[in-house]
Amino acid sequence: MRYLPLTPADRSAMLETIGADSVDALFADVPAEAQLDGPIHGLPLHASEMAVEKHMRRLAQRNLAAGDAAFFLGAGAYRHHVPATVDHIIQRGEFLTAYTPYQPEIAQGTLQMLFEFQSQVARLYGCAVANASMYDGSTACWEAVAMAARVTRRDRVVLSGALHPHYAEVVRTMAKFTADTIADAPPAFQARPDDDGLIARIDGDTSCVVVQYPDILGRLPDLERIAAAAHDAGALLVVVNTEPVALGAIKSPGECGADIVVGEGQSIGVGLQFGGPYLGLFAVRDPKHVRQMPGRLCGETQDAEGKRGFVLTLSTREQHIRREKATSNICTNSGLCALAFSVHMTLLGEKGLRALALENHRLACIAADKLAQVPGVKVLNESFFNEFTVTLGRDARDVVRKLADRGVLAGVSLGRLYPQAEALAEGLLVAVTETTTEEDIDTLCAALTETLA
């Protein structure tokens with residue numbers, strides 16, 4: 001630890017102050033079997049910087065990059081084309097160094113960007129107010145559940161069986177620290193979402209109903225019907241969207257009656273990036289709920305000279321206000337990812353987003369039609385946007401691995417998402433975006449035909 005600025009005398013003085021005989025005494029509560037008895041087993045000893053770089057390059061060459069293969073992975077993270085302009089702007093020093101507006105009055109550029117971002121998200125979601133972003137879609141989902149409990153003063157949460165399993169797991173994990181009861185169900189492996197089964201689980205103690213749109217299998221639930229059932233019971237409808245590009249083609253959740261809309265913004269402006277950092281979106285349909293929103297909210301105002309300016313209108317987090325009054329302990333918003341989202345959305349505009357959505361859907365329809373002609377493959381969905389589920393007649397996990405060896409990233413096996421559900425093992429979730437070519441689709445179909453033969 002040669003970079004620590006403490007001398008032996010410094011350490012001795014600190015140990016004497018806290019009443020410890022040695023540094024080892026600080027770890028007395030750690031079981032002996034959990035302590036290292038020497039170098040870490042299985043790892044080589046230190047090497048030179050050049051040697052490590054060469055070793056890491058050799059390891060990297062074993063990877064199959066998204067851009068080097070026919071790519072059909074989705075399930076909450078999607079490969080879209082991000083214009084070079086996005087990366088150029090987010091790396092400007094004015095934005096890169098003003099990541100979090102702790103002194104908001106001197107970060108006018110950052111605040112204006114966040115204000116524009118909020119306006120775009122609100123418009124996209126069909127809501128009145130959006131916050132200045134959150135960590136990612138799954139934690140935004142939990143924050144919506146927590147907000148619904150504050151608004152309704154109830155503690156029972158009904159989760160759709162077609163909610164992304166990782167999102168559902170985050171909700172269940174966080175609910176261990178609150179009084180919320182989680183009522184969930186296994187996914188219905190059928191052509192249409194099980195809206196009837198979801199509605200039947202709503203009762204007078206329900207704080208919110210959480211529905212994904214499109215759902216984890218790519219289907220489109222009837223949000224208006226679910227919203228009516230939730231509202232009749234005095235509950236809120238929380239809608240989760242993991243593919244914001246879809247909202248360029250389908251009705252927005254707010255228009256369908258959703259009270260809180262959350263989701264993952266990665267698709268717009270943010271690359272796959274090995275799984276993160278990503279971008280949580282959060283909006284509410286009714287302005288009366290704005291003070292129960294987590295995170296921070298930027299607003300527009302005028303200064304003493306009448307000039308346009310931007311401020312943090314609400315900062316309902318414990319860094320800004322007393323902990324007992326905080327709506328969330330979120331420590332920041334994904335500011336740079338929010339900027340990337342906003343830049344990309346600005347470049348697209350409304351017409352561009354709609355055109356992008358239609359191209360995604362067009363290519364997905366081509367893929368679904370061609371895959372349906374492969375012997376042994378059946379398309380499950382009656383409706384979808386750019387992602388749909390097929391059944392393969394055998395464990396999809398094995399098929400995915402074999403196709404990867406052939407240079408085709410065929411999709412996400414449901415057995416990987418639901419390892420305990422044998423009934424779903426033959427399901428494969430296939431995502432198609434504007435980066436997919438018809439040649440890629442033909443490659444997938446040919447490889448799948450040979451693999452299933």
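1. A word on conventions. This is a predicted model, in which local features need pLDDT of at least 70 and side-chain atom pairs count only at pLDDT 80 or more, while totals for chains, interfaces and linings use all residues. Residues are numbered from 1 along each chain as its sequence is written, and side-chain values use heavy atoms, with hydrogens and water left out.

2. Let's start with charge pairs. The whole structure holds 20 salt bridges (a side-chain nitrogen of Lys or Arg within 4 Å of a carboxyl oxygen of Asp or Glu). One of them joins Glu 382 to Arg 192, with an N to O distance of 2.7 Å. This pair links distant parts of the chain, 190 residues apart: Glu 382 sits in the loop between strand E11 (378-379) and strand E12 (387-391), and Arg 192 in the loop between strand E4 (181-183) and helix H8 (195-200). Helices (H or I, at least four residues) and strands (E, at least two) are DSSP runs, numbered from the N terminus. Both Glu 382 and Arg 192 are exposed; here buried means under 20% relative accessible area, exposed over 50%, and partly exposed in between (1.4 Å probe, protein chains only).

3. A second pair worth a look is Asp 442 with Lys 370, whose closest N and O atoms are 2.7 Å apart in a salt bridge. Asp 442 belongs to helix H13 (residues 438-452) and Lys 370 to helix H10 (residues 335-372), so this contact ties together parts that are 72 residues apart in sequence. Asp 442 is partly exposed at 39% relative accessibility, and Lys 370 is partly exposed at 27%.

4. Two further charge features can be checked. Glu 305 forms a salt bridge with Lys 307, with 3.4 Å between the closest N and O atoms, and Glu 305 is exposed at 64% relative accessibility. Elsewhere on the list, Glu 116, Glu 300 and Arg 308 are linked in a network of salt bridges.

5. Not counting residues up to four places away in sequence, Phe 341 touches Phe 117, Gln 120, Val 121, Leu 124, Gly 265, Ile 268, Gly 269, Leu 279 and Leu 281; contact means heavy atoms within 4.5 Å.

6. On to the strands. Seven of them form an open sheet of mixed pairing, in the order E2-E8-E7-E6-E5-E3-E4. Its edge strands are E2 (129-130) and E4, each pairing on one side only. Two strands pair if DSSP finds at least two bridges between them. Strand E6 (residues 236-241) and strand E7 (residues 260-264) run parallel and are joined by four bridges, and Asn 241 stands opposite Gly 263 in E7.

7. Five of its five residues are buried, so E12 is largely enclosed by the rest of the structure. Glu 387, Thr 389 and Thr 391 point one way from E12, whereas Phe 388 and Val 390 point the other way. E12 pairs with E11 in the antiparallel sense over two bridges, with Val 390 as the bridge partner of Val 379. E12 is also joined to E15 by five bridges, again antiparallel, and Ala 431 in E15 is the bridge partner of Glu 387.

8. Finally, two loop residues. Thr 436 lies in the loop between strand E15 (427-431) and H13 and is buried, with a relative accessible area of 5%. Leaving out residues up to four places away in sequence, Thr 436 touches Phe 71, Phe 72, Leu 363 and Ile 441. Ala 249, in the loop between E6 and E7, is partly exposed at 41% relative accessibility. Beyond its neighbours within four places in sequence, Ala 249 is in contact with Ala 357 and Phe 385.
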